[in-house]
Amino acid sequence: AGPAPVPRLRTTVVLGLFANAGLSAIKLAAGILGHSYALIADAVESLLDVVASVVTLQGVRLADRPPDGRHPWGYGKAEALAALVVSGMIVLAGVGIGVQAVREIFSPHRAPAAWTLWVLLAVVVVKEAFYRIASATAHRASSTAVLADAWHHRSDAITSVLAGVGISIAVFGGEAWWPAEDYAALAASLIILINGSLLMRAPLGELLDRDCPDLASEVRSVALSVPGVADVEKVHARKSGRRHLVDMHLHVDPAMPISAATPAG
């Protein structure tokens with residue numbers, strides 16, 4: 001059982017994909033022209049978002065396939081696998097940005113251009129909007145993959161905010177404060193690493209068939225209320241994509257005929 005598919009699920013991912021592609025190009029150009037490594041690192045994060053959105057879209061599409069002879073339980077795990085890949089990409093992005101930020105801290109360079117702050121402001125507004133849209137859609141559809149993709153938008157917004165703080169200090173603080181944007185990029189990388197690590201928990205639990213005790217307890221109560229059910233020996237519930245699979249052993253009257261124990265229709 002599970003929630004009905006949400007029509008906006010794929011549309012949300014596709015729109016995010018195009019937004020990431022456009023924003024990454026804008027940030028990369030602004031970072032190069034404005035001499036800002038923090039903005040270039042932000043552009044790299046957005047480029048990874050494009051790949052992450054593609055992975056998410058494919059995971060959602062595969063998870064929607066109906067069960068067949070080789071996969072009688074369906075393809076729901078594909079969504080958790082996509083979410084795990086996206087989470088891993090977030091972690092790798094954090095590592096890469098952090099390593100390069102440390103290099104930039106010890107490399108002399110000029111201050112970034114002040115106009116790059118306007119670029120970052122626009123990016124933060126767009127990315128936060130996409131996070132809220134994707135997050136709401138993911139929760140309505142119970143989609144771990146789209147939720148991971150939503151947090152990719154949020155992590156991008158966070159890096160942009162920190163880049164803006166660092167660039168502001170470097171621009172208005174004078175030459176002694178020029179490395180501030182590099183420290184901002186390093187701080188952003190730590191936040192990205194934490195977010196990516198936390199996001200791995202849900203898809204890992206789903207792929208490893210972690211039990212859903214609250215749902216199992218609810219199913220047990222419903223089963224016990226059915227006439228003819230004497231006891232429920234065990235109930236195990238696990239998430240698979242946007243649905244849940246339940247295994248249950250029931251105790252009934254041993255003298256009950258099979259025809260009476262089989263639901264009609």
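I take a cavity to be a set of points, on a 1 Å grid over the protein atoms alone, where a 1.4 Å probe fits but cannot get out; its lining residues have an atom within 4 Å of a point. Grid points are joined across faces, edges and corners, and a volume is the space filled by probe spheres set on the points.

**Basis.** I worked from a predicted model, in which local features need pLDDT of at least 70 and side-chain atom pairs count only at pLDDT 80 or more, while totals for chains, interfaces and linings use all residues. Residues are numbered from 1 along each chain as its sequence is written, and side-chain values use heavy atoms, with hydrogens and water left out.

**Entry 1, cavity.** I found one cavity of 30 Å³ or more in the structure. The largest cavity holds about 50 Å³ of space. I listed its lining as A38, A41, D42, I97, T159, A163, A185 and A188. By class, this lining has six nonpolar, one polar and one charged residues; Ala, Val, Leu, Ile, Met, Phe, Trp, Tyr, Cys and Pro count as nonpolar, Asp, Glu, Lys and Arg as charged, and the others, Gly among them, as polar. I then assigned the lining to helices (DSSP runs of H or I, at least four residues, numbered from the N terminus). α2, α5 and α6 each supply at least two lining residues, and α2 gives the largest share, three residues.

I looked up the nonpolar cores, sets of buried Ala, Val, Leu, Ile, Met, Phe, Trp, Tyr and Cys residues joined through side-chain atoms within 4.5 Å; buried means under 20% relative accessible area, with a 1.4 Å probe and protein chains only. The largest core has 15 residues, of which Y37, V86, I90, I97 and A185 touch the most other members. α2 (37-63), α3 (77-105), α5 (144-173) and α6 (180-199) each supply at least two residues of this core, and α3 gives the most, seven residues. A185 touches Y37, A38, I97 and A101, leaving aside residues up to four places away in sequence; contact means heavy atoms within 4.5 Å. I noted a second, separate core of 10 residues, including L39, V119, V123 and A163.

I located S135 in helix α4 (residues 116-141). S135 is buried, since its relative accessible area is 9%. Not counting residues up to four places away in sequence, S135 touches L147 and A150.

I checked the span of α5: its 30 residues reach 43 Å from first C-alpha to last, close to the 44 Å expected at 1.5 Å a residue. The expected span is 1.5 Å times one less than the number of residues. Just after α5, I recorded a positive phi of about 95° at G174.

Terms used
Buried means under 20% relative accessible area, exposed over 50%, partly exposed in between (1.4 Å probe, protein chains only). On a 1 Å grid over the protein atoms alone, a cavity is a set of points where a 1.4 Å probe fits but cannot get out, and a pocket is an open set with protein on both sides within 12 Å along at least five of seven lines; lining residues have an atom within 4 Å of a point.
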